Each structure stands twice: as C-alpha cells, then as structure tokens.
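This briefing concerns a metal site and the residues around it. Please consult the sequence and structure shown below.

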Amino acid sequence: GKSNPLAAERRAFGLAASRATCARASRRGREGRRRPQLAQTRRRPLHIGCPAAVVALAAHEPRPGTLLGSGSGASVPGPQSPAPTLLAIIRKALSEEKRVSTKTSAADLVTETDHLVEGLIISELQKRFPSHRFIAEEAAAAGAKCVLTPSPTWIVDPIDGTCNFVHRFPTVAVSIGFAVNQELEFGVIYHCTEERLYTGRRGRGAFCNGQRLRVSGETDISKALVLTEIGPKRDPATLKLFLSNMERLLHAKAHGVRVIGSSTLALCHLASGAADAYYQFGLHCWDLAAATVIIREAGGIVMDTSGGPLDLMSCRVVAAGTREMATLIAQALQTINYGRDDEK
Ligand SMILES: O=P(O)(O)OC[C@@]1(O)O[C@H](CO)[C@@H](O)[C@@H]1O
Ligand SMILES: [Mg+2]
C-alpha cells in the first residue's frame, strides 16, 4: 500500500490510529486481507507502558507540532481555565526578563522556567507511572543521584539551551528519553520555537513532525559539517583542549564546525542529515538519552569518544551518520575529563 509517514510515526509511538487508518484496518480485517501492522502492535504487550510522545511532554496535545500546546502566550490559570501548556510557558518566558542563576560554572545557567517545566513533566509522568524512576537535570543539580537502574526510567532535560533561552536565541528544546533494563527505548525532543517534534523508538524509526529521519552517509571528514558544544568548564586548560580539538577537525579540512547552544537539537540535526558528525565532552545523560535513540533509528552511530560503546553516564560522546566518520572524529580528539554523571 501507500506509505503514510504520519501513520508510520503514530505506529512507532503506539499512538491511536487516525480515523481513516482505523477504517482501513477494519475493512482489511473484514476482507480477510493482510492484518495491518497497527493491530499487531496493539496486541503485543508494551512493557514500556504508554508511548512517550503522548505523555512525555505533559499530555497536552499529542499532535506533532502542537504536542506542547499551540499558541504563543500562556493564559493565566484560573479556576475555569486549563493549565497553560509547556510550550506556552516556555514561549512566554522566552520573551520576558528572566531571573538567572548559575550552577557548576558562570556559563552553566538555570532559570525558574527550567525548574517549573521539569516539575510539570515529572508530575504528569508520575501520575501515570507511579513506579517509574526519573533522572532530571535540575533535580540532579539539586543533589539527586543520577543512577540508571534496570527500572523504567525517564531522563529529562526540561530546557536544553538555557543560555539561548536567556538570550532569546531561538534554539531551545525539551528532551525526554526513556530506558528500561538500562536500554534506551524511546526519545522525544521538541524544538520549542520552530515547533518541531523529533521522535525515535527502538526498532521503529525516527521522525520529525511525521517525516522519517535519515542520517547522512558521509565518511570523509574533509566533506563534513561537524557540530559540537563548548561545555560548561571554562578554565584555561579545558578551553585549550576544547579549542585544540576544534583546530584538529579544521586541520582535517572539515567544511565547518558549529556550536548552536543545544546539544539535543544539534544531535537532531545530525539525525536528519543536516550535519555529518557531533562530538562533545561535558554533556550529560539528559542531553544524550532521547537523541541517542533518534540518531540510531535514523541509521546513525552514537559511541564513546574512545571509539568504544556509548556510556550514557560518561559525559562524552561522538555521533555520526557513519561508523567511519565517528571513528575518524574519535581518533582526532583529545579527552577532556568531565567525570561521570553517576559519580556526582
Ligand atoms: O543547561 P542546558 O541548557 O540544559 O544545556 C545547554 C548545553 O549547551 O550545555 C551542555 C553542556 O555543554 C550541553 O550539552 C547542552 O546542550
Ligand atoms: Mg537543561
């Protein structure tokens, strides 16, 4: 039959089928033809529970592009009015003055909105999945341990790109990953200003607003667009290593090295083939969890900077569209030690 990308995405996330899909499915059933994939998906018990894309971003409007709710301003919540959506909260705050605090360094910023959004996401998820665990950026900053156990665990970055958010630079995302048995099962990343919803579910593909994502097939650094982030440490020794890593890639004649201020959105660009590689020292499990599933499902590679398998807690990563590219980038890099998320 004809492939419908939106329907494929809905299947991947176990979302309710559209009316048209249901009607087609029941027609096929009645006519004794091939059972639609959707029906098989429904019968199989989902040990991971309800699909992330629906609940994850706080159960507002589960439609790509409006998952966090639509509209530009948050309504003032009153007894009759619905709670403002996360998107409305973020977009409203984006245009306002913010009270900014710092965390591990003067460049590691947090605002009230980071805390508010994280709290809303966790409370929505907790209502539905009381036994699940959470690893979340602002809880970790407040001292919560980041330990990934075999239990179902949501890994949340309420605002990725807080520095952008503070400056009104429109590259800001919400990122939510989900792991069971220490294996990443799915991830959603929402580009708040462009209303792009990136989703990935293990074994079922990666999508952006219904369009299937595919990484680039580039294997040659001298033809690559490479993305990275600076990391929060700014002491002279760290900066020297950071700049020298960038210099090494430029010496290898990479077309360009970009820093956009949001590792999750940079990784989504990689997943969509708009960049060929990504590397970073100093990112965290909440930057990587959702994006890793999305990249892998788009056909890409996510690995440790040593060239070995990814360690979600190691605060370092190389990702690329091809293994050749990832290996070349890993070989070019000098390590910057940021410690581990699970040892802080
Ligand atoms: O604090 P935030 O906004 O969630 O993270 C912002 C960010 O640029 O800083 C991290 C460390 O460099 C990056 O991985 C991440 O994308
Ligand atoms: Mg954040």
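Donors are N, O and S atoms within 2.8 Å of the metal (3.2 Å for Na, K and Ca); water is not among the atoms, so sites may look incomplete. In this predicted model, local features need pLDDT of at least 70 and side-chain atom pairs count only at pLDDT 80 or more. Residues are numbered from 1 along each chain as its sequence is written, and side-chain values use heavy atoms, without hydrogens or water.

**Magnesium site**
- Along the chain, the donors of the magnesium ion (ligand 2) show the spacing E-x19-D-x1-I.
- These protein donors are E137 (OE), D157 (OD) and I159 (O), at 1.9 to 2.2 Å from the ion.

- E137 lies in helix α7 and I159 in strand β4, where helices (H or I, at least four residues) and strands (E, at least two) are DSSP runs numbered from the N terminus.
- E137 is buried at 11% relative accessible area, and I159 is buried at 1%; buried means under 20% (1.4 Å probe, protein chains only).
- Beyond neighbours within four places in sequence, E137 contacts K103, E118, V156, D157, P158, I159 and W286, contact meaning heavy atoms within 4.5 Å.
- With the corresponding neighbours left aside, I159 is in contact with T113, D114, E137, F165, V172 and A173.

**Annotation**
- The unreviewed UniProt entry annotates E137, D157, I159, D160 and D287 as "binding site"; such annotations may be inferred rather than shown by experiment.
- These residues span 151 residues in sequence, yet no two of their C-alpha atoms are more than 10.0 Å apart, so they gather at one spot.

Note on methods. Chains lettered and ligands numbered in written order. Buried < 20%, exposed > 50% of the residue type's maximum accessible area, 1.4 Å probe, protein only.
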